[in-house]
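Please open the model in a viewer and display it as a cartoon.

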Amino acid sequence: MTMWGYIHAIADYLLSWVKLEQNAEIGWRSFNRKTGKLEREQQTLWKKLKLLVLFNPLMEWIDRSQLMRLYMHEESIAEGRRERTTSSRRRIKAFVDAYGINMHDFEPSDISRYPTFEDFFTRSLKTASRPICDLDDPSHAVVVADSRVVVFNSIEEAKALWIKGKNFGLNDLVMSNEVGDKFRDAAIASFRLSPQDYHRYHSPVQGTIQSFQSLPGDYYQVDPVALQSKVDILTRNRRDFVVIETKEFGEVLFVAIGATDVGSVHIHEKYQRTGQTVKKGDELGVFQFGGSSIIVAFQRGSIKFDDDLLGLSEQKIQTSVEVGMSLGCST
């Protein structure tokens with residue numbers, strides 16, 4: 001056995017003590033809304049091990065100089081550059097096979113037509129592959145991305161159960177008291193995308209763009225292991241946001257947040273303009289390679305989230321969803 005073989009064997013043994021198995025679904029618990037089954041997110045052994053090592057109370061105490069943050073930031077930028085090279089296309093088939101990605105949902109569906117891994121990663125959906133729930137009813141909000149979602153009726157509830165960063169708040173997230181104060185006590189939907197997911201994101205509501213802002217930042221992991229540490233993940237990462245004015249929900253805040261290996265967070269230029277109309281299900285923007293996250297905030301009392309999403313979130317279980325599925329209704 002090689003040195004790396006011994007290291008893998010030792011890691012497998014240690015991880016078995018926390019009920020993690022190699023070559024299995026070892027990520028956070030998720031309820032698949034399409035199949036009705038409880039499962040764990042598919043995740044590589046080494047990613048899980050790295051998360052456990054980097055995001056724990058001891059490491060949070062040790063890394064006061066934030067060298068960990070700098071290292072992850074630089075690694076993410078370097079990985080993003082590699083995914084833009086033509087040699088990266090060799091990864092596509094193995095990636096599709098490993099995660100069981102149904103390419104019939106995408107255009108093009110032939111993986112040989114993608115010149116780089118980044119082109120594959122930012123692939124587009126085929127028309128009608130993700131039906132929009134109650135398309136003609138603007139009082140019904142929808143899921144914004146293929147992702148795992150948790151929903152909470154208040155920020156305090158979200159902080160108690162899910163987002164444990166010591167300085168998390170919407171004012172810090174958007175770096176604006178003017179915007180953040182409008183969403184005091186807001187209801188929160190937190191969507192987390194894994195690398196295998198479709199990485200374009202869509203509007204949850206129908207309305208008009210009221211404001212746009214792009215904020216610089218780092219590229220932390222957005223895995224639940226990281227989110228539930230005291231490290232400020234969401235308020236430190238690179239992010240873009242828009243505020244959408246609606247008749248049914250009042251103002252809705254949509255924040256796209258980059259994470260590990262994401263080369264960019266980009267809201268399409270047309271939706272960066274104040275006064276631009278947007279329909280429910282319209283494609284707002286795209287993430288480049290890596291994991292990423294989206295926060296959608298609804299002003300207090302403006303939405304009733306679907307019961308299944310609320311019930312699972314209270315148990316700290318994500319729901320695996322697709323673009324266009326029901327999120328909740330206007331009150």
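How many bridges join β12 to strand β14, and do these strands run parallel or antiparallel? Select residues 283–287, which form β14: three bridges join β14 to β12, and the two run antiparallel. The model is predicted, with local features requiring pLDDT of at least 70 and side-chain atom pairs pLDDT 80 or more, while totals for chains, interfaces and linings use all residues. Residues are numbered from 1 along each chain as its sequence is written, and side-chain values use heavy atoms, leaving out hydrogens and water. Strands are DSSP runs of E with at least two residues, numbered from the N terminus, and two of them pair if DSSP finds at least two bridges between them.

Next, pick His266, whose bridge partner in β14 is Val286.

Now move to another sheet. Three strands in the order β5-β18-β16 make up an open, antiparallel sheet. Its edge strands, β5 (140–142) and β16 (303–305), each pair on one side only. Neighbouring strands here are turned by 30 degrees against each other on average, direction ignored.

Finally, select residues 326–330, which are β18; three bridges join this strand to β16, antiparallel to it. Phe305 can be found opposite Gly328 in β18.

Definitions and conventions:
Helix = DSSP H or I, 4+ residues; strand = E, 2+ residues; numbered from the N terminus. Axes fitted to C-alpha atoms, helices over the stretch in contact; angles between N-to-C directions.
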